[in-house]
Amino acid sequence: MKTSKKVLGVVLTLIMLVNVFAVSVFAAYPDDAACALIVKTDKANYAPGDEVVLTVAVKATADVGPMLLTGQYELGYNSAVLEPYAASDTTLEGHGFAADAYFAGAYDASMSQVIYSETTMANGGSVTAGKGWDSVILYCVADNGSISKDCADAEATLFTVKMKIAANAADGTYTIGFNQDGYETNFTAYATDLNGGGLYGNDGSGFGKANLYDFGVAEFTVGAGGSTEPEQPTVKVNNLSTQVQWANKEAGLMNVGFRGQIAEGYNAADDKAGTTGPNGGDNLAKLTEVGFYLNGTKYQAYTIYNFVDGGYFYRVVVGNVSYDSEATFSAQAYVMIDGQEYKADASFETTGKAQYERAITVGMEAK
């Protein structure tokens with residue numbers, strides 16, 4: 001169960017604006033793709049023999065809808081640099097697999113497996129050209145379909161898994177990423193949406209996009225500077241979600257809450273308490289400001305809450321939003337930590353009409 005607590009002790013303000021609002025829109029990835037496949041390494045630089053922890057995540061448009069953990073995630077890599085974590089173990093657990101805490105209750109280990117490059121290639125598989133890759137590894141993850149997650153506002157982390165830097169890997173810069181051939185040519189790989197039961201191929205026309213997938217790639221270096229110690233995380237800010245309720249149903253006016261998230265790189269327990277913020281109240285020395293850019297103008301929130309396992313979130317509320325407005329509105333989460341501003345990867349946009357239509361599908365009473 002998620003718990004919350006205030007760590008900035010000032011009441012959240014209600015910002016009264018006319019005809020402004022926000023909703024989930026896929027904006028952080030190329031406009032021609034409906035679903036982004038994301039892979040990250042735990043460090044930027046490694047030494048030969050180092051362990052590599054990969055994080056696999058997904059982000060999908062509102063048209064695609066909620067995503068599941070289950071899928072077949074095929075990664076391409078250079079076998080002279082990277083090696084599977086286990087030499088022959090076909091269980092995910094043998095490769096250091098861990099489902100994200102959000103999805104862990106749905107994971108089915110009995111139906112999951114790892115398929116090595118030799119098997120994939122022997123069955124007609126191929127590696128995407130021009131990437132410097134010669135091998136693939138396929139993580140086949142099963143679940144019971146009971147847990148899904150909307151990820152139009154912020155990416156959904158699915159799982160982590162491990163690989164190794166080869167003992168004789170040469171110094172240099174390399175990549176690991178989703179093997180496009182596996183998804184659109186060989187049909188050995190896919191991610192799974194709740195509504196459709198699977199995203200196959202790479203035709204995004206069913207979702208109004210040219211491509212179904214944006215194939216993520218992670219870059220890393222190997223060299224004398226490699227370290228077995230993880231690097232300090234950078235601050236990661238997400239546009240988390242929106243919330244909506246009637247402010248005046250008869251007048252057709254709504255209140256909309258913009259929810260931002262500090263997902264990485266900040267821990268309130270390590271901060272310096274006891275200072276007074278610029279707006280009064282008990283503030284924290286490192287974290288001095290949180291809020292949203294609304295159509296390019298800053299609006300602050302003065303309370304943040306601890307997700308415990310999911311970072312920190314805060315909210316800016318916008319009032320007097322017309323339920324049928326088609327005016328465009330743009331929002332982007334930001335924070336100030338140690339005097340430096342960090343923003344979400346991109347702003348997201350919508351119309352009042354779209355926000356109203358989304359809200360009534362999730363339980364708000366129709367006008």
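**View 1. Ring pairs join five aromatic residues into a cluster.**
In this predicted model, ring pairs link Tyr-73, Phe-97, Tyr-107, Tyr-139 and Phe-159, where rings of Phe, Tyr and Trp (its six-membered ring) count as a pair if their centres lie within 6.5 Å. The structure holds 19 aromatic pairs. Because the model is predicted, local features need pLDDT of at least 70 and side-chain atom pairs count only at pLDDT 80 or more, while totals for chains, interfaces and linings use all residues. Residues are numbered from 1 along each chain as its sequence is written, and side-chain values use heavy atoms, with hydrogens and water left out.

**View 2. Phe-258 and Phe-292 form a tilted aromatic pair.**
The ring centres of Phe-258 and Phe-292 are 5.6 Å apart, with 50° between the planes; planes under 30 degrees apart count as stacked, over 60 as edge-to-face and the rest as tilted. Phe-258 belongs to strand β16 (residues 253–264) and Phe-292 to strand β19 (residues 287–294), so that the pair links parts of the chain 34 residues apart; strands are DSSP runs (E, at least two residues), numbered from the N terminus. Phe-258 counts as buried because its relative accessibility is 0%, and Phe-292 is likewise buried at 0%, where buried means under 20% relative accessible area, exposed over 50% and partly exposed in between (1.4 Å probe, protein chains only).

**View 3. Strand β23 (residues 329–337) is mostly covered.**
Nine of the nine residues of β23 are buried, with Phe-329, Ala-331, Ala-333, Val-335 and Ile-337 pointing one way and Ser-330, Gln-332, Tyr-334 and Met-336 pointing the other way. Strand β19 runs antiparallel to β23 and is joined to it by seven bridges (two strands pair if DSSP finds at least two bridges between them), and Gly-291 has Tyr-334 in β23 as its bridge partner. Strand β25 (residues 348–350) also pairs with β23 in the antiparallel sense, over three bridges, and there Glu-349 is the bridge partner of Ser-330.

**View 4. Strands β23 and β24 form a hairpin.**
Two residues lie between the strands, and Asp-338 in the turn has a positive phi of about 55°. The antiparallel pairing of β23 with β24 (residues 340–343) runs over four bridges, and Val-335 stands opposite Tyr-342 in β24.

**View 5. Gly-208 is found in a loop between two strands.**
The loop that holds Gly-208 lies between β12 (190–193) and β13 (211–215). Gly-208 counts as exposed because its relative accessibility is 66%.
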